[in-house]
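Please study the structure shown below, then work through the exercises that follow.

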Amino acid sequence: MIRMLTAYTEEVVDIEAGCAAILAQLDLRRNMASHAVGILLCMSEFVETGMVKALCDRLPFDVVGCTTMGSTVQGVIRPLVLTLTVLTSEDVAFAAGMSGPLEGDLAPVDALYEALCRALPEKPSLLMPFAPFMFISGDAFVEKLDALSGGLPLFGMLAITQNLDMRGIYTLYNGNCEPHALGLLALSGPVAPGFLVSSIPKERIISPQAWVSAADKNVLHRVNGVSALEYLRSFGIAQGGELEGSETMPLVLELSDGTRVARACISITPEGSIVCGGEVPVGVGISIATIDVEDVLASAGQVSREAVRKAQGRNLFMISCAARNWALGTEVYAEMEQVVDGIPGSTAYLFSYSGGELCPIPDRTGKLVNRFHNDTLIVCIL
């Protein structure tokens, strides 16, 4: 059994007050079991003022996490907040760490995974990655961790920031804040996680299915034999050399194993190719969909209620794509409000925004396979 403790602070500068508030809410002397680990999510300001390091220095367990553009626990919705979630248990063990710098490849992840396995009493049951944003495609982390672990379930996120210039994106481990490293949490023992995923519904697809003719990892070159830019232009997403409306018009891929994932359009290359938020394999089906405020809010409310029913008193870790928040326009807290309203006070939960989501989904045979997602709300029941 895993118990989830949550705490938050809005103190960015007053380090003593912020740390004291977190520790008082957690009341570790009374609530911490034999094993414990912390998940810290915050805006970049908490890193820059030293609050993250000071808090981690005061905690008697490892802390892993990343920057985010927003998170909530205990129903608290604020424009600038740091949340700390503690997983603690008598029979589930935790091991956390951070890789070396990922300078062009993921080789340092091997040593990290091996170190976490050595620190656990048995093979992990669940891996929770906190990955750098857009440094390497999120699919590369899925592929690497699948290869190392033999396909253990992955549930995690890419770091993101609220800054429009994408300044200040970090992954975090015990006060160390790095822009190009992977933070990883491994759980072993009777974890038995459950997963929920809400991606783009089929009824929001607005184009006939086409086929990816040419692509290189997350760069889409051609669709149905024409340039990716011309393909997007035909649906009004690209005008001239700029993307327009791409935040609310994601791509939907039908993969060869029957799984379906969304891909955000990030930018246009000088050659007219489209840089996507995740890999786009050659030969897969591709469509264009729409997402708006009503879609985001309806799915957030529905998933929250379904998660509570399935959890039966267990804990909820919810991650939503930043693109879903951008689709809200000026109603930036509306999805959080739906989540808070859908979860009773007796259920412990953490909700956060990400730059991309890692979560298993069933293939056509019903087998769970790890996938990297954009424009998606994912839930892990612990």
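**Exercise 1: Helix α1**

The buried residues of α1 pack against β1 (3–9), α2 (28–31), α4 (51–57) and β5 (82–89), where contact means heavy atoms within 4.5 Å. The model is predicted: local features need pLDDT of at least 70, side-chain atom pairs count only at pLDDT 80 or more, and totals for chains, interfaces and linings use all residues. Residues are numbered from 1 along each chain as its sequence is written, and side-chain values use heavy atoms, with hydrogens and water left out.

Task: determine which residues of α1 are buried and why they line one face of the helix.

Solution. Step one: helices (H or I, at least four residues) and strands (E, at least two) are DSSP runs, numbered from the N terminus. Step two: buried means under 20% relative accessible area, exposed over 50%, partly exposed in between (1.4 Å probe, protein chains only). In α1, G18, C19, I22 and L26 are buried. Step three: seen down the axis of α1, the buried residues fall within an arc of 95°, so they line one face; the arc is that of the directions from the helix axis to the C-beta atoms. On the other side of α1, E16 and A24 are exposed.

**Exercise 2: Strand β12**

Task: state how many residues of β12 are buried and which strand it joins.

Solution. Step one: in β12 (residues 194–198), four of the five residues are buried. Step two: five bridges join β12 to β27 (residues 377–381), and the two run antiparallel; strands pair if DSSP finds at least two bridges between them. Step three: S198 stands opposite L377 in β27.
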